[in-house]
Amino acid sequence: MEYAIRDVGPDDIPQIVEVEKRCFSLPWTAEQLAAQIKNAQHEFIAAISPDGTVLGYVGMMYVLDEGYISNVATDLPWRRQGIADALIGRLCAICEGLRLSFVSLEVRAGNAPAVALYEKHGFAPVGLRKNYYERPREDAVIMTKYF
């Protein structure tokens with residue numbers, strides 16, 4: 001599959017809103033997503049096909065030397081093709097370039113494929129947030145990668 005990873009721009013937000021609706025029970029709004037567009041405190045990258053289709057994306061907020069991944073998604077038709085793997089790899093490289101001490105995220109406790117992906121990139125479980133997710137109610141595992 002051919003795609004490029006690049007910064008998310010305002011024109012990508014409508015597609016990302018639709019991916020959110022397909023992937024999450026409580027999707028982010030266009031306004032919430034647009035607030036993540038790259039600036040002094042955010043990185044927001046996407047895998048884009050040659051025809052301009054958003055295949056997946058990852059967003060991160062950072063403060064000083066701490067990074068917090070806000071959302072990771074691959075649209076349903078494009079899952080299990082290495083897109084999230086490439087996005088997490090690129091984001092980790094960005095974190096190193098920013099000289100962050102760590103980057104952290106929450107993942108549904110029952111999402112074994114996502115947990116395995118994050119572990120592949122050096123994230124390790126460091127805590128649990130009870131009943132963090134809704135629809136369905138589920139704990140979140142806090143995973144962190146230290147640089």
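**Helix packing and nonpolar cores**

The crossing of helices α3 and α4 is right-handed, meaning that the near helix is turned clockwise from the far one by less than a right angle. This is a predicted model: local features need pLDDT of at least 70, side-chain atom pairs count only at pLDDT 80 or more, and totals for chains, interfaces and linings use all residues. Residues are numbered from 1 along each chain as its sequence is written, and side-chain values use heavy atoms, without hydrogens and water.

**The helix pair**

- α3 spans residues 83-97 and α4 residues 112-120; helices are DSSP runs (H or I, at least four residues), and strands are runs of E (at least two).
- Their axes lie 10 Å apart, at an angle of about 40 degrees.
- A84, D85 and I88 of α3 meet L117, Y118 and K120 of α4; contact means heavy atoms within 4.5 Å.
- Four of these residues are nonpolar, two are charged and none is polar.

**The cores**

- The largest nonpolar core has 28 residues; a core joins buried (under 20% relative accessible area, 1.4 Å probe) Ala, Val, Leu, Ile, Met, Phe, Trp, Tyr and Cys residues through side-chain atoms within 4.5 Å.
- I69, Y118 and F123 have the most contacts inside this core.
- α3 gives the most to this core, with eight residues.
- I69 touches, among others, V58, L91, V103 and F123, not counting residues up to four places away in sequence.
- Apart from this core lies another, of 14 residues, including I13, A46, Y57 and A73.

Conventions
Axes fitted to C-alpha atoms, helices over the stretch in contact; angles between N-to-C directions. Nonpolar A, V, L, I, M, F, W, Y, C, P; charged D, E, K, R; others polar. Buried < 20%, exposed > 50% of the residue type's maximum accessible area, 1.4 Å probe, protein only.
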